[in-house]
Amino acid sequence: MNRLLRKQSRFLCYLSAFAFLSFLSGTSTAVFSAEKQTSNSLEKIRVAYSSISGNTASLWVAYEHGFFRKYGLNVELVFIEGGSTTVQTLISGDVALAQMAGSGVIQSHLRGADVVLIAGLINTLTFQVIVEKGISQPDHLKGKSVGVTRFGSSTDFAARYALDKWGLTPQKEVALMELGSMPSLLSALTSGKIQGAMLSAPFTLHAKKSGFPALADLQMLGLEYQHTGVAATQTLIKSKPDLMRNFMKAYVEGIHFYKTHRQEALAVMAKYLKTNDMEALTETYETIGLTLLPEKPYPTLKGIQLMLGELSSKEPKARSARPEQFVDTTFVRELDTSGFIDRLYKSSVSVARREQARPPTPFKTELTAPVEDKKSLVSKSVAVPQGKALETPIKPTQSSSAKADVAQEYTIQAGDTLSKLSERFYQSQVKWTIIYEANRETIKNPHYIYIGQQIRIPSNGNQGT
């Protein structure tokens, strides 16, 4: 009898286990089917990016934190090296949209392509001219080579612009070499293949740590320039306006998340830039992400006009072209006028807004290793506004003391920012507004001061406190 009861008990256990496993299997199948159905309901598109740098971080953040899926898009990100190649993939339909240099869009449009910018992300120059040891002034570059990523790219424009301002002729007095990517530029500089390179953060940090000095910081020029934007073809814009609309919703929400979630943003940057140097990542985040990336990503028409002027000598059509023909601001304008973007920033306490209200503080830390380059996927055939100036500047309280009116003259040096000067003269970075207010007639934007600029430093650092 006991033996029979034991057999029945074992049978019931087996039967229960089988039923439980069947339930789990059914549940897993249901979950998988639901996920598959959800995935199938999303519109699948490819989005290219042409630079592995801090300029691309907002796209990576929007992708990694699911904002494209939130608005019905199943996005596949692909890295395509070089702006001209990226435009080709847009024209062929291999990718729907691309984050790329504005110069590539402008030149391709002048040559007949129907690509335009639907957003402007970095609207000024971000490069530094990094040179080999021993080069301390521009004329030392005569007979030397300077590296750029691609001819026609933002690095190429910046190099030619800087050389022209220094009275040096590109390709005659100074050779320009096309090397493909920022990591390649850094490698070539380190190996001695080139004697100068157009680099942006975080690659500038690694170069400086290795002993390579900065000859010039082009961001200090304060130029409006369409450095980076989001491009699409006019054909796709007209045929799929809702796709563009949903993409821009996701992107501006990604920008908001990027600016207001520092640690999450740094983690994404570490993944794509392949470094765990937190100080270097923080510098890139603050100097580019917080300072230069606009909440409302309109392209800069003034910056595009500057670029057309530079192109007019070799592109005759640039002489009669208007900046408006290279952009379609429909979708950014819709999000702006509807209050969509403003609501994002009102819904949370934005750390970014507070940090944008002061110039970035320079760091002295460097990258520990260059970012590893990636292969282009094209061979598979699938392939601010600038950083905001203060809208309502903090005005210092005027002191009745005569000492408040005393000021000393100062000449801006390489590496200076208003917060750094405030710390130097007043032992506090937060008093930078005193210097700003004293020089409002010459400093139009507190983010942009330039080497050689003459300013006044009020002696009374107690103003505005």
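**Exercise 1.** How many residues line the second largest pocket, and which of them lie nearest its centre?

*Solution.* First, some ground rules. You're looking at a predicted model, where local features need pLDDT of at least 70 and side-chain atom pairs count only at pLDDT 80 or more, while totals for chains, interfaces and linings use all residues. Residues are numbered from 1 along each chain as its sequence is written, and side-chain values use heavy atoms, with hydrogens and water left out.

Step 1: settle the terms. On a 1 Å grid over the protein atoms alone, a pocket is an open set of points with protein on both sides within 12 Å along at least five of seven lines; a cavity is a set where a 1.4 Å probe fits but cannot get out; lining residues have an atom within 4 Å of a point.

Step 2: read off the lining. There are 35 lining residues, and Ser50, Gly83, Ala101, Thr149 and Ser153 lie nearest the centre. The elements giving two or more residues are α4 (83-92), β3 (97-101), α5 (102-110), α6 and α7 (182-191); helices (H or I, at least four residues) and strands (E, at least two) are DSSP runs, numbered from the N terminus. α5 gives the largest share, four residues.

**Exercise 2.** Which residues line the largest cavity?

*Solution.* Step 1: list them. They are Val129, Leu141, Val146, Ala159, Ala162, Leu163, Trp166, Leu176 and Met198.

Step 1: sort them. By class, that's nine nonpolar, no polar and no charged. α6 gives the most, three residues.

Step 2: check the space, which comes to about 40 Å³.

**Exercise 3.** Is Thr155 buried or exposed?

Step 1: apply the cut-offs. Buried means under 20% relative accessible area, exposed over 50% and partly exposed in between (1.4 Å probe, protein chains only). Thr155 has 3%, so it's buried.

Step 2: look around. Leaving aside neighbours within four places in sequence, Thr155 is in contact (heavy atoms within 4.5 Å) with Phe127, Val148, Thr149, Arg150, Met182 and Met198.

**Exercise 4.** How many bridges join β6 to β7?

*Solution.* Step 1: count. Four bridges join β6 (residues 145-148) to β7 (residues 175-178), and the two run parallel; strands pair if DSSP finds at least two bridges between them.

Step 1: trace the chain. It goes from β6 through α6 to β7 in a right-handed β-α-β crossover (with the strands pointing away from the viewer, the path from the first strand over the helix to the second runs clockwise).

Step 2: stop in the loop between α6 and β7, where you'll find Leu168. Leu168 is buried at 5%, and its contacts beyond four places in sequence include Leu141 and Leu163.

**Exercise 5.** Why is strand β2 largely enclosed by the rest of the structure?

*Solution.* Step 1: β2 (residues 73-79) has six of its seven residues buried, so the strand is largely enclosed.

Step 1: find the partner. β1 (residues 43-49) pairs with β2 in the parallel sense over seven bridges, with Lys44 opposite Asn74.

How values were computed. Grid points are joined across faces, edges and corners, and a volume is the space filled by probe spheres set on the points. Ala, Val, Leu, Ile, Met, Phe, Trp, Tyr, Cys and Pro count as nonpolar, Asp, Glu, Lys and Arg as charged, and the others, Gly among them, as polar.
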